[in-house]
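Work through the exercises below with the sequence and the coordinates at hand. Each task is followed by a solution in steps.

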Amino acid sequence: MKYMLIMRATDEAYASMADVSMDEMIELMGRFQEEMLRAGVLLAAEGLEDPAETVVVDHGSEPPVVTDGPYGETKELFGGFYLLNVASREEAVEWAKRAPGTGPGFKTEIRRVSTIDEFPQDNPWIQKERAWREATGQL
């Protein structure tokens, strides 16, 4: 099963990491990612750009309104993610507990990623997506 570990933190939590050097953070994350690679569970890992560089498309009106970041309120920012292929939700939780660079104000949201097999296989759009995934080596 695929699970996404969504790394979130408050503005204050990010500020508390200001003194950690980029080299130190890369070392921490690199060791964790290497451990997940050795275990055969890591599918993807990405960090996200600073929220000040964000663009938001608000679909609450027609046409949608586009505004530059940062978000109006930033109680918890989505800073990056890991995509894991693990046997269970409990295993995803265990990996999340071991994530480096965390502490007060940091949270990891864990969400299962649906697979194409869970959708109606006779649907032409699902069939097209399956063909695309097979052609690109994703299935």
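This is a predicted model: local features need pLDDT of at least 70, side-chain atom pairs count only at pLDDT 80 or more; totals for chains, interfaces and linings use all residues.

Residues are numbered from 1 along each chain as its sequence is written, and side-chain values use heavy atoms, with hydrogens and water left out.

**Exercise 1. The open sheet**

Determine the order of the strands in the open sheet of four strands.

Step 1. Helices (H or I, at least four residues) and strands (E, at least two) are DSSP runs, numbered from the N terminus. Two strands pair if DSSP finds at least two bridges between them.

Step 2. List the pairings of β5. Strand β1 (residues 2–9) is antiparallel to strand β5 (residues 77–85), and eight bridges join them. Within this pairing, Ala9 is opposite Leu77 of β5. Strand β2 (residues 42–47) also pairs with β5 in the antiparallel sense, over five bridges. Here Leu42 has Leu84 as its bridge partner.

Step 3. The order is β2-β5-β1-β6, with antiparallel pairing. β2 and β6 (106–113) are at the edges with a single partner strand each, so one side of each has no neighbour in the sheet. From one strand to the next, the twist averages 20 degrees.

**Exercise 2. Helices on the strands**

Find which strands helix α3 touches, and its angle to β1.

Step 1. Axes are lines fitted to C-alpha atoms, for helices over the stretch in contact, and angles run from 0 to 180 degrees between N-to-C directions.

**Exercise 3. Salt bridges**

How many salt bridges does the structure hold?

Step 1. Apply the criterion: a side-chain nitrogen of Lys or Arg within 4 Å of a carboxyl oxygen of Asp or Glu. The structure holds nine such bridges.

Step 2. Examine Glu35 and Arg98, whose side chains meet at 1.6 Å, N to O. Glu35 is partly exposed at 28% relative accessible area, and Arg98 is partly exposed at 42%.

Step 3. Turn to a pair inside one helix. Glu94 and Lys97 form a salt bridge at 3.3 Å, N to O. These two are three residues apart in helix α3, separated by about one helical turn. Glu94 is partly exposed, with a relative accessible area of 41%, whereas Lys97 is exposed at 61%.

Step 4. Look for a network. Glu109 and Arg111 meet in a salt bridge of 3.7 Å, N to O, and Arg8, Glu109 and Arg111 are linked in a salt-bridge network. Glu109 counts as partly exposed, at 26% relative accessibility.

**Exercise 4. The hairpin and its surface patch**

Identify the hairpin formed by β3 and β4, then the nonpolar patch that includes Val55.

Step 1. Strand β3 (residues 55–58) contains Val55. Four bridges join β3 to strand β4 (residues 65–68), and the two run antiparallel. Six residues lie between them in the hairpin.

Step 2. Val57 has Val66 as its bridge partner in β4. Val55, Val57 and Val66 make a nonpolar surface patch of about 250 Å². Val55 itself is partly exposed, at 48% relative accessible area.

Step 3. Check the patch rule. Patches are made of residues with over 30% relative accessible area and no salt bridge; like charges are joined within 9 Å, and nonpolar side chains (Val, Leu, Ile, Met, Phe, Trp, Tyr) within 5 Å. The areas come from the Shrake-Rupley method with a 1.4 Å probe, and for residues only the protein chains shown count as cover.

How values were computed: Buried means under 20% relative accessible area, exposed over 50%, partly exposed in between (1.4 Å probe, protein chains only). Contact means heavy atoms within 4.5 Å.
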